[in-house]
Amino acid sequence: MTFRTRFAPSPTGPLHLGHAYSAILAHDMARAAQGQFLLRIEDIDRDRAKPEWEALIFEDLAWLGLTWDEPPIRQSDRRDSYEAALDALWARGLLYPCSCTRRDIAEALTAPQEGSAPAIGPDGPVYPGTCRNRPRKGPRPRDAHLRLDMGAALATMGPPAPHFTETGPDHAGTIFTAPETYLGGIGDIVLARRDFGTSYHLSVVLDDAAQAISHVTRGADLFEATRIHALLQRLLDLPTPSYHHHRLIRDETGKRLAKRDDARAIRLYRAEGVTPEDIRRRIGL
């Protein structure tokens, strides 16, 4: 099997040192395995995605000395794929419309009858199922969020439990996720947003399959989300890649870098005369 991995930035701001680490690591792993390194632009957030940020992504990656082996794909060009998957899940009765706001969810979770602190999953507080009994017949709604009925989804699966292979460094081996974790620790996740038409979880598993990704290289902050992706891959009859969740790049105080940390943007390092070799040394590569 050919080693194929990818870097999948969102064009919503400048790349920073954390992005550089992830991209260089994935690129170097592919080259060491005589495999392929691909690029994907995750631009489903059309309000925040900007052409100038996408152009800067290409400039920064080229300056870092990275090359990709196929033309980049954009999520904005793949809406038909997302719609088809949602139609299939809706037809199986695995989705339901949800009109709850974040405030509605917070109030439901803090109601006295709940009796305990809400569980926190990969997407935040686990949804309490307020809209789970809403009708699921007829055409798929376009004017509401669509949630996956986690209990119904698990009921369609036989053993073994959804799982993926993790190559480390912290969780090496095969990672199985018990049904109780999906029900109580993840819950009914959103797979289609009223404003985007899809969600990160749905689009990423479809995109990885479309690009025939064999190894996903990404930050440790997405480890728990991978449990969701392994389940969706089972539901949609898609292959499950191997995963490598790498360490996160942090600032001097231990805080994880984010796009708001513009002082560490790659474009600014370039402007200051820092070299790609300097960047590699700064991030430990």
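The structure is a predicted model, in which local features need pLDDT of at least 70 and side-chain atom pairs count only at pLDDT 80 or more, while totals for chains, interfaces and linings use all residues. Residues are numbered from 1 along each chain as its sequence is written, and side-chain values use heavy atoms, with hydrogens and water left out.

I begin with the sheet S1-S2-S3. Its 3 strands form an open sheet in that order, with parallel pairing. Helices (H or I, at least four residues) and strands (E, at least two) are DSSP runs, numbered from the N terminus, and two strands pair if DSSP finds at least two bridges between them. Strand S1 (4-7) and strand S3 (73-74) are the edge strands, each pairing on one side only. S2 and S3 run parallel and are joined by 2 bridges; Ile 41 has Arg 74 in S3 as its bridge partner. Helix H1 (residues 17-32) lies across S1 and S2, at about 145° to S2. For such angles, axes are lines fitted to C-alpha atoms, for helices over the stretch in contact, and the values run from 0 to 180 degrees between N-to-C directions.

Let me turn to Asp 43. This residue is in the loop between strand S2 (36-41) and helix H2 (51-63). Is Asp 43 buried or exposed? Its relative accessibility is 2%, so Asp 43 counts as buried; the cut-offs are under 20% relative accessible area for buried and over 50% for exposed, with partly exposed in between (1.4 Å probe, protein chains only). The side chain of Asp 43 reaches the backbone nitrogen of Gln 75 at 3.1 Å. Neighbours within four places in sequence aside, Asp 43 is in contact (heavy atoms within 4.5 Å) with Pro 11, Ala 49, Arg 74, Gln 75 and Ser 76.

Next, the nonpolar cores. A nonpolar core is a set of buried Ala, Val, Leu, Ile, Met, Phe, Trp, Tyr and Cys residues joined through side-chain atoms within 4.5 Å. The largest has 29 residues, of which Leu 95, Leu 148, Leu 191, Leu 231, Leu 232 and Leu 235 touch the most other members. Among the elements that give two or more residues to this core are helix H3 (79-91), strand S7 (145-148) and helix H8 (223-235). H3 gives the most, with 5 residues. Beyond four places in sequence, the contacts of Leu 95 include Leu 86, Trp 90, Leu 148 and Leu 191. A second, separate core of 24 residues includes Ile 24, Leu 25, Ala 30 and Ile 279.

I come now to the cysteines. A search of the whole structure finds 0 disulfides, a disulfide being a pair of cysteine sulfur atoms within 2.5 Å. For Cys 98, the nearest cysteine sulfur is that of Cys 100, 3.9 Å away. Cys 98 is buried, with a relative accessible area of 1%, and Cys 131 is buried at 7%.

Finally, the sheet S9-S8-S12-S11. Its 4 strands form an open sheet in that order, with mixed pairing. Strand S9 (173-176) and strand S11 (215-219) are the edge strands, and the twist averages 35° from one strand to the next. Strand S8 (residues 163-166) pairs with S9 in the antiparallel sense over 4 bridges, and Glu 166 stands opposite Gly 173 in S9.

Methods. A polar contact is a pair of N or O atoms within 3.5 Å; within protein, one must be able to donate a hydrogen and the other to accept it, and residues adjacent in sequence count only if both atoms are side-chain atoms.
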